[in-house]
Amino acid sequence: MQQTQSYIEANRQRFLDELFDLIRIPSISTNPDHDSDLQRAAEFVQERLKAAGADKVEICPTNRHPIVYAEKIIDPKLPTVLVYGHYDVQPADPIELWDSPPFEPTVKDGKIFARGACDDKGQMFMHIKAFEAMMVTGELPCNVKFMIEGEEEIGSENLPRFIRENSEKLKADVVLISDTSMIANDIPSITVGLRGIAYVQVEVTGPDRDLHSGTYGGGVVNPINALCEMIAKLKDDKNRITIPGFYDKVVELSAEERAAMAEAPFDLEAYKADLGIEDVAGEEGYTTLERVSVRPTLDVNGIWGGYTGEGAKTVIASKAYAKISMRLVPNQESEEITRLFSKYFTSLAPKGVKVKIDYHHGGDPVVTPTDSVAYKAAELAMEQTFGKKPIPQRGGGSIPIVQLFKSILGVNSVLMGFGLDSDAIHSPNENFGLFNYYKGIETIPYFYKHFAELSK
């Protein structure tokens, strides 16, 4: 891979410039106003894959945002890697909290600041550039396929159907994904487990119109007050979720597993300082690392109702809303947890209000094997570029398609991410280190090399 590495070194600035061009496209998948931007982003990815040397590069329409598919089959007898990533991004709101325009990438302190810099444009684009380097130098050691979607941030609604209908086209020996993080730049790690997710929106309705809070205050149920009280009852004073049956299928970690997790480097004071908080919180009896990776959670992601503009408007709102997500651990199922939540949350409503619950999206948790050829290839690749063996770790986020790949295609995924937890993904001032971007491009070719060799 020496020629590949030399090519990467010689093209560092161009690789960065091209990433910036992709980042400048505001491909916000949740907002229909940006549908044309999603199409532009898909076309950009298509063009870069063609230029890199891929064959059969196509934009595949779905009921919403397109999927970009490409492949390079150098020998059908060789193993095949399926690269998954996404070109869509989260909204940039609140815009006023950004230190620089969210869709104008800015480099500061060795980091790229922009929406999508890390999640997932930067990490996805590493794979295209690594592929280009291997193609130009003639050092691609196995077959590769790309499936880059535009709906990951809204639950990948159309991806299951696409995978089922194209299972032969997508046939591979492993799925390679960079949409996760490492422990630190000097402590490489590979994610071996992800939490699932169940995401709902709740609506609480009281009177059939907004009411004057002086005339009616104290005489009717205020939906906003009711919603807040209902949400408060979803956890007890030990931060344990109160939904009946919620923990029934949760498997407790053994003492040995908890001890192994505790060996991962973690500085609690640095963690609090980075977040600007005085103390941590969470389910009683568990460490912070356990709470954010191997324990289920319930969080309110948004809440609104009534008048929120400037000045005062004294009303009792007719409706109140909240978006609630639950992160799930192995054995919990998204649809079952959503049913349990809906039944319990509805039971908490006081007389005088009606409750409506909409299921937005979900995905089941997954744990990937650490004794596979693919994991060993990733381990060797990171050891080669970082100079030390990566640590296997469980991640707290959710990538629902990992379980889909296993159930539909019958293949495991390798979650070889190069971001950091401090990259502020989904938040203002999202960033991605230049070190991380280039280190990813340097490391990925070694994965191919070791995967091809170990697969013989």
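Let's start with Phe113: its bridge partner in β20 is Asn431. Strand β5, residues 111-113, is joined to β20 by three bridges, and the two run antiparallel. Helices (H or I, at least four residues) and strands (E, at least two) are DSSP runs, numbered from the N terminus. Two strands count as paired if DSSP finds at least two bridges between them. This is a predicted model, so local features need pLDDT of at least 70 and side-chain atom pairs count only at pLDDT 80 or more, while totals for chains, interfaces and linings use all residues. Residues are numbered from 1 along each chain as its sequence is written, and side-chain values use heavy atoms, with hydrogens and water left out.

Zooming out, the open sheet here has three strands in the order β4-β5-β20, with antiparallel pairing. β4 (106-108) and β20 (431-433) are at the edges with a single partner strand each, so one side of each has no neighbour in the sheet. From one strand to the next, the twist averages 30 degrees. Helix α14, residues 434-454, packs on this sheet and touches β4, β5 and β20, with its direction at about 60 degrees to that of β20. Contact here means heavy atoms within 4.5 Å; axes are lines fitted to C-alpha atoms, for helices over the stretch in contact, and angles run from 0 to 180 degrees between N-to-C directions.

## The four-stranded sheet

There is also an open sheet of four strands, in the order β12-β14-β10-β15, and its pairing is antiparallel. Its edge strands are β12 (297-305) and β15, each of which pairs on one side only. On average, neighbouring strands of this sheet are turned by 15 degrees against each other, direction ignored.

Look at β10 (residues 196-205) and β14 (residues 319-328): they pair in the antiparallel sense over 10 bridges.

## A pocket and a cavity

The second largest pocket holds about 410 Å³ of space. Of its 22 lining residues, the closest to the centre are Pro160, Tyr359, Gly362, Gly363 and Leu404. At least two lining residues come from each of α5 (159-165), α11 (334-347), β15 (354-363) and α13 (401-409), and β15 gives the largest share, five residues. By class, the lining splits into six nonpolar, nine polar and seven charged residues. (Ala, Val, Leu, Ile, Met, Phe, Trp, Tyr, Cys and Pro count as nonpolar, Asp, Glu, Lys and Arg as charged, and the others, Gly among them, as polar.)

About 40 Å³ of space lies in the largest cavity. Its lining includes Leu194, Arg195, Gly196, Ile197 and Gly363, and by class the lining has six nonpolar, three polar and two charged residues. On a 1 Å grid over the protein atoms alone, a cavity is a set of points where a 1.4 Å probe fits but cannot get out, a pocket is an open set with protein on both sides within 12 Å along at least five of seven lines, and lining residues have an atom within 4 Å of a point. Grid points are joined across faces, edges and corners, and a volume is the space filled by probe spheres set on the points.

## Aromatic pairs

The structure holds 14 aromatic pairs. One of them, Phe386 with Phe418, is stacked, at 6.5 Å centre to centre and 15 degrees between the planes. Phe386 sits in helix α12 (residues 373-386) and Phe418 in the loop between β18 (413-415) and β19 (419-420), so the pair ties together parts that are 32 residues apart in sequence. Rings of Phe, Tyr and Trp (its six-membered ring) pair if their centres lie within 6.5 Å; planes under 30 degrees apart count as stacked, over 60 as edge-to-face and the rest as tilted.

The peptide bond from Asp93 to Pro94 is cis, with omega near -5 degrees; Pro94 is in the loop between β3 (80-86) and β4. The bond from Asp119 to Asp120 is cis as well, with omega near 0 degrees, and Asp120 is in the loop between β5 and α4 (121-137).
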